[in-house]
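Here's a quick briefing to read alongside the model. Have the sequence handy and follow along.

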Amino acid sequence: MNTLLLVLILLLVASATGVITRFVPTLPTPLIQIFLGALLAWPASGLHVELEPEIFLLLFIAPLLFADARRFPQREFMILRGPILALALGLVLFTVVGVGYFIHVLLPALPLAICFALAAILSPTDAVAVSSISGRLPVPPRLMRILEGESLMNDASGLVAFKFAIAAALTGTFSLADASLSFVIISVGGLAVGGLLAFGFNFLRTRLIERHLGEATTVQVILLVLLLPFAAYLLAEHLGMSGILSAVAAGMVMNRADSKRVGQLHARMQTQSVWEMVEFILNALVFLLLGFQLPAIISGALDHSLHDIGDFEFLRLLGYVAAISIALLASRFFWIWLAREVGRGATRLSGFLRGQPRLTSPDNSGRVPFKLMLAATLAGIRGTITLAAAMSLPQVMADGTPFPGRELLIFLATGVILFTLVTGSVGLPLVLRNLKIPADTHEFEEERKARIAGAEAAIYHIERYHHDRTGEFARNKTNDETILAFNDISSQLMSYYRERLTLHSADTATPQLAASRQLERETRLEALRAERRQYYKLRQRDHINDSVLRKLVREVDLAEAALTGDQSAAHH
């Protein structure tokens with residue numbers, strides 16, 4: 001009963017944070033959720049939730065990363081694989097070594113291997129926190145894709161580095177060759193397990209379930225998709241591979257498979273709605289749970305059990321948090337600058353070898369703007385993976401003695417999470433406030449051509465369908481009224497798609513046509529909303545029953561969703 005009550009309270013607070021952010025849009029949602037979680041847990045009689053790292057990774061991180069990977073555009077991932085891997089792999093290793101040594105200098109009482117473990121804990125970034133802060137800011141799409149791709153991949157690299165550092169701390173030995181080989185096996189194995197599992201599930205879904213049972217199995221298929229990230233994570237961990245990368249790979253394979261499923265309208269719409277709700281709940285719960293840990297973490301850091309490494313007052317602890325956070329941001333900025341310089345050199349060499357002139361950026365400077373480098377640095381916000389890894393630190397060493405500074409390490413990791421959240425919340429709006437982002441003409445042109453191709457395909461199919469049905473009517477000697485009605489319907493649909501061709505044609509698209517299309521959309525929306533209000537009035541007067549109301553309102557809702565979903569194109 002207590003567990004059920006706790007779950008209900010968490011869900012209630014999670015929904016309340018969504019309402020609060022509407023009234024206080026300047027504060028990022030994760031900070032509000034952390035504050036509310038700490039507020040509920042702080043009093044002596046408050047709620048207390050122990051965070052089990054393995055369960056936390058399974059229940060929250062695996063499905064969230066699966067959903068992010070399922071939504072991430074694969075073409076952009078392949079195009080941006082260089083900077084993504086440079087941040088997800090190169091920056092993680094650079095952080096473990098560089099910041100690890102810095103922590104050892106700052107806290108010489110801690111063994112070097114444990115300092116490396118703390119640096120590995122602090123290396124992964126959190127895409128949820130970044131997107132919640134940058135959602136209302138003018139972040140360049142390319143930069144946002146790189147940050148999202150980085151957070152998909154660096155969770156696994158950071159956790160693997162953490163595992164090796166802990167093993168070195170416990171055993172006192174470390175082999176770079178063995179660690180490198182194990183890293184490759186764990187990473188590639190995790191990707192293979194998740195990819196094969198998702199491929200097998202998609203084969204069963206398309207060849208057996210949907211082909212023979214159709215839309216009747218929509219709910220069952222959605223439930224299986226919800227269970228897929230948990231299965232991928234558990235299977236990979238059972239085989240000694242990376243469960244995080246397995247969940248990511250499963251999401252990417254499902255993304256690829258879904259792009260080939262032309263039918264299954266109801267399944268696609270319901271799956272999207274279900275995942276939106278699941279993601280909102282899980283994102284809220286992870287930061288609420290982080291807040292629930294704060295009182296215990298702070299009291300543990302101030303406890304007398306830390307006397308073996310010195311008497312750390314609270315202000316000194318805060319100073320260590322600030323120093324480590326600044327070191328993390330500095331190393332991240334340096335790595336981004338280094339990657340930029342290496343990229344410019346490679347571009348120049350490639351152009352020289354091909355006999356081409358020097359390639360430059362859109363502003364003809366050949367440089368990544370300093371503001372973008374600073375924004376990418378501030379976007380290195382730590383989050384839930386960092387906390388889960390910190391909480392998984394062992395209690396004792398191999399000889400049975402207490403693990404050195406465990407409470408201090410957890411406090412420092414939590415402090416860095418809060419520090420980077422605050423600096424990102426304050427710094428990103430300042431950096432991006434007056435940033436001039438050129439219009440993404442490439443994506444707009446792709447959308448325009450796709451809409452034209454879709455309209456042309458519809459016109460061609462209407463003509464073929466009209467021709468076939470007309471022949472069928474002639475053979476069956478259908479009455480003239482039906483034929484005239486069918487001709488009128490075909491003519492209206494052809495006119496509608498020809499208007500769309502005119503609107504999106506590069507030669508004829510004008511602001512006047514776009515404005516008229518927008519007016520038409522607004523008028524249609526007003527008509528649909530009036531239609532819906534009338535249905536509800538008829539139900540209130542008992543002129544129709546609930547079943548008829550739901551059917552009619554659903555039709556209006558789908559029509560309105562189609563109009564509002566297409567509205568973004570009208571603004572271009």
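**Core and overall build**

The largest nonpolar core takes in 125 residues, and those with the most contacts inside it are F56, L152, M153, I244, I324, L393 and L412. Helix α12 (residues 265-301) puts in the largest share of this core, with 14 residues. Keep in mind that this is a predicted model.

**More on the cores**
- Leaving aside neighbours within four places in sequence, L393 touches I121, F162, I166, F403, R406, L409 and I410.
- Another core lies apart from it, with 8 residues, among them L528, Y535, I544 and L549.

**The chain as a whole**
- The protein chain has 21 helices and 0 strands.
- Its 572 residues are 44% buried.
- Take the contacts between residues at least 6 apart in sequence: 80% of them join residues at least 24 apart.
- The accessible surface is about 30500 Å², and carbon and sulfur atoms account for 65% of that.

**Aromatic rings**
- The count of aromatic pairs comes to 11.
- One of them is F72 with F77, an edge-to-face pair at 5.8 Å centre to centre and 85° between the planes.
- F72 counts as buried at 3% relative accessibility, and F77 is buried too, at 14%.
- Y465 and F486 also pair edge-to-face, at 6.1 Å centre to centre with 65° between the planes.
- Y465 is partly exposed at 41% relative accessible area, whereas F486 is buried at 12%.
- The charged end of R469 sits over the ring of F486, 6.0 Å from its centre.
- Ring pairs also tie F94, F334, W335 and W337 into a cluster.

Methods: Residues are numbered from 1 along each chain as its sequence is written. This is a predicted model: local features need pLDDT of at least 70, side-chain atom pairs count only at pLDDT 80 or more; totals for chains, interfaces and linings use all residues. Side-chain values use heavy atoms; hydrogens and water are left out. Helices (H or I, at least four residues) and strands (E, at least two) are DSSP runs, numbered from the N terminus. Buried means under 20% relative accessible area, exposed over 50%, partly exposed in between (1.4 Å probe, protein chains only). Contact means heavy atoms within 4.5 Å. Accessible areas come from the Shrake-Rupley method with a 1.4 Å probe; for residues, only the protein chains shown count as cover. A nonpolar core is a set of buried Ala, Val, Leu, Ile, Met, Phe, Trp, Tyr and Cys residues joined through side-chain atoms within 4.5 Å. Rings of Phe, Tyr and Trp (its six-membered ring) pair if their centres lie within 6.5 Å; planes under 30 degrees apart count as stacked, over 60 as edge-to-face and the rest as tilted. A charge sits over a ring if NZ of Lys or CZ of Arg is within 6 Å of the ring centre and within 35 degrees of the ring normal.
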